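Me: I am new to this structure and would like to know what lies behind the words used for it. Please show it first.

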Amino acid sequence: MLGALAGCSSLGSDKDEGVDKRSAEEIYAEAREQMDSGSYENAAKTFEKLEAKFPYGRYAQQAQLEIAYAYYKAGDPASAGTAIDRFIKLHPNHPNVDYAYYLKGLISFNENTGLFSVIGQQDMTERDPKAAQDSFDAFKELITRFPDSRYAEDAHTRMGYLLNALAQHQIHVARYYIRRGAYLAAANRAQTVIKNFPNSPTVEEALGVMAYSYRQLRMNDLADDAQRVLQQNFPNSPYIAEAGMYVRPWWKIW
């Protein structure tokens, strides 16, 4: 009888149904294999299982960072962003927190330049700029806090691209307002470009927008000032002639 009970006990002790009795190292190895094979969503779930089962120690911390990367690679920016924000909040002094900020920037950067830029050929600057701004802020935090990080150079390059995209977005909105006769709103958007993005190539068009819009509003002093700055800095600009028009020229792309 005792032998039978012992036998029953041994049958249940090996692995209870539905209970994963593997070590943290074994679960981590499985998740890494899934990552290497491109099964990113499954990898994220396995890393989440690892963190839940072993919430403390180096595997848990690494799993939190890997969860963000796995969701990023799986094309799920919302889950990736939530995971990376959580990692930064829990481990602000982690040795790899510079990478965390870099990944945070990449998540928003790819969200902004991803699906809609490829399908339908939509210009990213015509879309909601929140993702671009979030990406810029994350990269800025990285290079400010960790200027010697291995990721700083690439982050700086991406920031330049994002600045131009944010400036171009303002111009898209200004064009929208011009088409609807909202000239003061258009001028204000153009002024935002000149104030916040003075080194952007978009400044040329922004000056043209300001001069043209103020001209429509009969605010001639402001129109003349904008047109003069445009001529001084961009003497061959195609916007110079348009800047002096009271009537919208028929060839205008705005």
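Me: How many residues does helix H10 have, and how far does helix H10 reach from its first C-alpha to its last?

Reply: First, a word on the source: this is a predicted model, in which local features need pLDDT of at least 70, side-chain atom pairs count only at pLDDT 80 or more, and totals for chains, interfaces and linings use all residues. Residues are numbered from 1 along each chain as its sequence is written, and side-chain values use heavy atoms, with hydrogens and water left out. Helix H10 (residues 183–196) has 14 residues and reaches 20 Å, close to the 20 Å expected at 1.5 Å a residue. The expected span is 1.5 Å times one less than the number of residues.

Me: What makes a stretch count as a helix, and how many helices does the chain have?

Reply: Helices (H or I, at least four residues) and strands (E, at least two) are DSSP runs, numbered from the N terminus. The chain has 13 helices and zero strands.

Me: Why is Ala 186 called buried?

Reply: Buried means under 20% relative accessible area, exposed means over 50%, and partly exposed is in between (1.4 Å probe, protein chains only). Ala 186 has a relative accessible area of 0%, so Ala 186 is buried. Its place is in helix H10. Across the chain, buried residues make up 42% of the 254 residues.

Me: Which residues does Ala 186 touch, leaving out those up to four places away in sequence?

Reply: Contact means heavy atoms within 4.5 Å. On that basis Ala 186 touches Ala 174, Tyr 177, Ile 178, Val 209 and Ser 213.

Me: How do you know where the buried residues of H10 lie around the helix?

Reply: The buried residues of H10 are Tyr 183, Ala 186, Ala 187, Ala 190 and Val 193. Seen down the axis of H10, they fall within an arc of 110 degrees, so they line one face of the helix. The arc is that of the directions from the helix axis to the C-beta atoms. An α-helix has 3.6 residues a turn, so residues three or four places apart point the same way. The buried residues of H10 pack against helix H9 (152–179) and helix H11 (203–216).

Me: What can be said of the buried residues of H12?

Reply: They are Ala 223, Ala 226, Gln 227 and Leu 230. Seen down the axis of H12, these buried residues fall within an arc of 100 degrees, so they line one face of the helix. They pack against H11 and helix H13 (239–243). The face of H12 turned away from its buried side carries the exposed residues Asp 221 and Gln 232.

Me: Why is Arg 218 called exposed?

Reply: Arg 218 has 55% relative accessibility, so Arg 218 counts as exposed. Arg 218 is found in the loop between H11 and H12. Its phi is positive, about 65 degrees, although Arg 218 is not a glycine.

Me: Why is the pair of Phe 109 and Tyr 161 called tilted?

Reply: Rings of Phe, Tyr and Trp (its six-membered ring) pair if their centres lie within 6.5 Å; planes under 30 degrees apart count as stacked, over 60 as edge-to-face and the rest as tilted. By this rule the count comes to nine aromatic pairs. The rings of Phe 109 and Tyr 161 have centres 5.7 Å apart and planes at 55 degrees, so this pair is tilted. The pair links distant parts of the chain, with Phe 109 in helix H6 (residues 97–113) and Tyr 161 in helix H9, 52 residues apart.

Me: Is each of these two residues buried, exposed or partly exposed, and what makes it so?

Reply: Phe 109 is at 9% relative accessibility, so Phe 109 counts as buried. Tyr 161 has a relative accessible area of 41%, so Tyr 161 is partly exposed.

Me: What makes the charged end of Arg 158 sit over the ring of Phe 109?

Reply: A charge sits over a ring if NZ of Lys or CZ of Arg is within 6 Å of the ring centre and within 35 degrees of the ring normal. The charged end of Arg 158 sits over the ring of Phe 109, 4.8 Å from its centre. The charged end of Arg 58 sits over the ring of Tyr 59, 4.3 Å from its centre.

Me: Which residues touch the most other members of the largest nonpolar core?

Reply: A nonpolar core is a set of buried Ala, Val, Leu, Ile, Met, Phe, Trp, Tyr and Cys residues joined through side-chain atoms within 4.5 Å. Of the 64 residues in the largest one, Phe 47, Leu 50, Ile 84, Tyr 102 and Phe 139 touch the most other members. H6 gives the most to this core, with nine residues.
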